[in-house]
Amino acid sequence: MTRAFVFPGQGAQTIGMGKALADAYPAARAIFDEVDEALGEKLSDLIWEGDIAELTLTQNAQPALMATSMAAMRALEAEGASISMASYVAGHSLGEYSALAAAGALSVADTARLLRTRGQAMQSAVPVGEGAMAAVLGLDLEAVRLVAEEAAQGEVCQAANDNDPTQVVVSGAKAAVERAAEIAKEKGAKRAIMLPVSAPFHCALMQPAADVMADALAAVKIKAPAVPLVANVRADAVTDPDVIRQLLVEQVTGSVRWRESVQYMVAQGVTEAWEIGAGKALSGMIRKIDRALACTAVGSPEDVQKAVNPGA
């Protein structure tokens, strides 16, 4: 099997995620301790026993999801499964940072601090209530791009996440996104759902956050990843640290080309994807992109055992 390790993005967070991994594996617990120390606060308390509304705040959700993914990686390593088992890593939006940490391109502490900065910058780029995102179900990317164009009317409205053949997310000014949702339904979309997000991610309104991340990333050491990263904004493989740095800046305002990223990996011979961290959202998307691609979610000690000993 040619394998990819993929890492979830925002929306996968739940109270208690990663706790069983931390209890079962000292190396997994050490990740949460390292993230707590890097941020100068007990984020682990919020993750395991806190309030979901507080955990869902972008500045908390981003480092929390990365910590959970890295805890799962350390648990896999404790059972003898390493990054060398993967031919590629990829992540959905913030998951790209988890992928880079897993592949050794970024330290866990630097990744936690970058994601805290990224979350704060994305939240403050647009005043709450002025931006929005909507998931359009049942139209393809090109159709949704045309919908966004028609809905813009001088405001920002863009196709932000090309998740799978049945789901494209639009992002931008609130009124424009609401118009896009209505137009999409008129054009034959099965549904258009306004998303419960606090900011319009992956569109031009995020430029102030991209500027912040350009400075933050310039100050951090990035090494060549142990295996290639399939980058969100390019949907192909990269290993050069300077290119990765630039793509992480572009990713803040650019589209998450998840469907094309999965198709790229399949074209390179990938036959199996391990979703490492919280939830199974990426596995659901991947099945809609290519049903032949086997998916394994790795978010609990039981999942780790099944992944490492599939026949047991």
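Me: Where is G80 found, and is G80 buried or exposed?
Reply: G80 is found in the loop between α5 and β2 (88–91). Helices (H or I, at least four residues) and strands (E, at least two) are DSSP runs, numbered from the N terminus. G80 is exposed, with a relative accessible area of 64%; buried means under 20%, exposed over 50% and partly exposed in between (1.4 Å probe, protein chains only). The model is predicted: local features need pLDDT of at least 70, side-chain atom pairs count only at pLDDT 80 or more, and totals for chains, interfaces and linings use all residues. Residues are numbered from 1 along each chain as its sequence is written, and side-chain values use heavy atoms, leaving out hydrogens and water.

Me: Which residues of α2 are buried, and what covers them?
Reply: An α-helix has 3.6 residues a turn, so residues three or four places apart point the same way. In α2 (residues 26–39), the buried residues are A28, I31, F32, V35, D36, A38 and L39. Their cover includes α1 (19–24), α3 (43–49), α5 (58–78) and α7 (108–125). After α2 comes G40, with a positive phi near 70°.

Me: How do α8 and α9 pack?
Reply: Two packed helices are described by the angle between their axes and the distance between the axes. Helix α8 (residues 141–152) and helix α9 (residues 174–186) pack at about 130°, with axes 8 Å apart. Axes are lines fitted to C-alpha atoms, for helices over the stretch in contact (heavy atoms within 4.5 Å), and angles run from 0 to 180 degrees between N-to-C directions. The two helices, α8 and α9, are therefore oblique to each other; angles under 35 degrees count as roughly parallel, over 145 as roughly antiparallel, 65 to 115 as roughly perpendicular and the rest as oblique.

Technical notes: Expected span 1.5 Å × (residues − 1).
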